[in-house]
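Trainee: I am new to this one. Please show me how to read its features, one at a time.
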Amino acid sequence: MSEETGVAAVDRALHILGVFTPQDHSLTLTQIAERTGMYKSTVLRLAESLMRAQYLVRISDGSYQIGPKPLQLGSIFQRQFRSSEFVPPVLRELVAQLGESASYYVPVQNGRICLHRVDAPRMIRDAVREGDWRPLENGAAGTILMAFRGDPGDRLDRVRQEFWAASLGNEVDPELAAVSVPVFGHDGKIAGALSISGPRYRLEEHGTRSFVPALLAAARQLSAQFGADTSMYPAS
């Protein structure tokens, strides 16, 4: 089997597609070769195959653009996608890792709704159920949704910079606390807010910031599954 057949060829072809960014109108053969580290002759052969399958198109100046096939596959993904297949396993892992209840909120009707929820196996916990609606102005999850949809404000500017928010009893219930981070969709826009929550004294005892690395790792995983570019997340 030659180098340009089988699994190696598939990997290299996918690598070529992966070097295109939303900022690129098109890429020349030289640019693709530089970004992939492949020889131009290798890129040219693989590009011919990608064009035949409509993954790439060559425009009048000889450079390459993404073809219509990925858009067709993306539309299939959107029709088949169900958050219930991806979010609950991530919530269960967070509960096991952090020992507090985990929720996933989405924006709806000028507020937010708990779309998925996994309770911590503890006697004392916050009473949140799937389907519960809350105003955006209250709680860590609402702050995340407002910040990453672009609402103005110094506090929201800090949240956009730090990629997390906390509420410590001063917004929803004085005895409860939550920490939340953003999850993004395939279009790069905010898709939801991933949160852990529980009694304020427990979260303050550990320090709210201590929950952030695990939450960001889970949010990055979900965003990737949703088709988002996860390079926007801060380095872990």
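Mentor: Start with patches. They are made of residues with over 30% relative accessible area and no salt bridge; like charges are joined within 9 Å, nonpolar side chains (Val, Leu, Ile, Met, Phe, Trp, Tyr) within 5 Å. Accessible areas come from the Shrake-Rupley method with a 1.4 Å probe, and for residues only the protein chains shown count as cover. A salt bridge is a side-chain nitrogen of Lys or Arg within 4 Å of a carboxyl oxygen of Asp or Glu.

Mentor: Two notes on the source. This is a predicted model, where local features need pLDDT of at least 70, side-chain atom pairs count only at pLDDT 80 or more, and totals for chains, interfaces and linings use all residues. Residues are numbered from 1 along each chain as its sequence is written, and side-chain values use heavy atoms, with hydrogens and water left out.

Trainee: Which residues make a nonpolar surface patch here?

Mentor: Met-123, Ile-124 and Tyr-201 make one of about 410 Å². Tyr-201 belongs to helix H8 (residues 200-206). Helices (H or I, at least four residues) and strands (E, at least two) are DSSP runs, numbered from the N terminus.

Trainee: Is Tyr-201 buried, exposed or partly exposed?

Mentor: Buried means under 20% relative accessible area, exposed over 50%, and partly exposed in between (1.4 Å probe, protein chains only). Tyr-201 has 48%, so it is partly exposed.

Trainee: How many salt bridges does the structure hold?

Mentor: Twelve. In one of them, Arg-58 pairs with Glu-48, with 3.4 Å between the closest N and O atoms. Arg-58 lies in strand S1 (residues 56-58) and Glu-48 in helix H3 (residues 40-52), so the bridge ties together parts ten residues apart in sequence. Arg-58 is partly exposed at 40%, and Glu-48 is partly exposed at 28%.

Trainee: What does Glu-100 pair with?

Mentor: Arg-122, in a salt bridge of 3.6 Å, N to O. The two are 22 residues apart: Arg-122 is in the loop between S4 and strand S5 (133-135), Glu-100 in the loop between helix H5 (83-98) and S3. Glu-100 is buried at 2% relative accessibility, while Arg-122 is partly exposed at 34%.

Trainee: How do I read aromatic pairs?

Mentor: A pair of aromatic rings is described by the distance of the centres and the angle of the planes. Rings of Phe, Tyr and Trp (its six-membered ring) pair if their centres lie within 6.5 Å; planes under 30 degrees apart count as stacked, over 60 as edge-to-face and the rest as tilted. That rule gives six aromatic pairs. Tyr-104 and Phe-226 form an edge-to-face one, with centres 6.4 Å apart and planes at 75 degrees. Tyr-104 is in strand S3 (residues 101-108) and Phe-226 in the segment after helix H9 (212-225), 122 residues apart. Both Tyr-104 and Phe-226 are buried.

Mentor: Phe-184 and Tyr-233 are edge-to-face too, at 5.6 Å and 70 degrees. Phe-184 sits in strand S7 (residues 176-184) and Tyr-233 in the segment after H9, so this pair ties together parts 49 residues apart in sequence.

Trainee: How many residues of helix H6 are buried?

Mentor: Ten of the eleven in H6 (residues 139-149), so the helix is mostly covered. Among the buried ones are Ile-144, Leu-145 and Phe-148.
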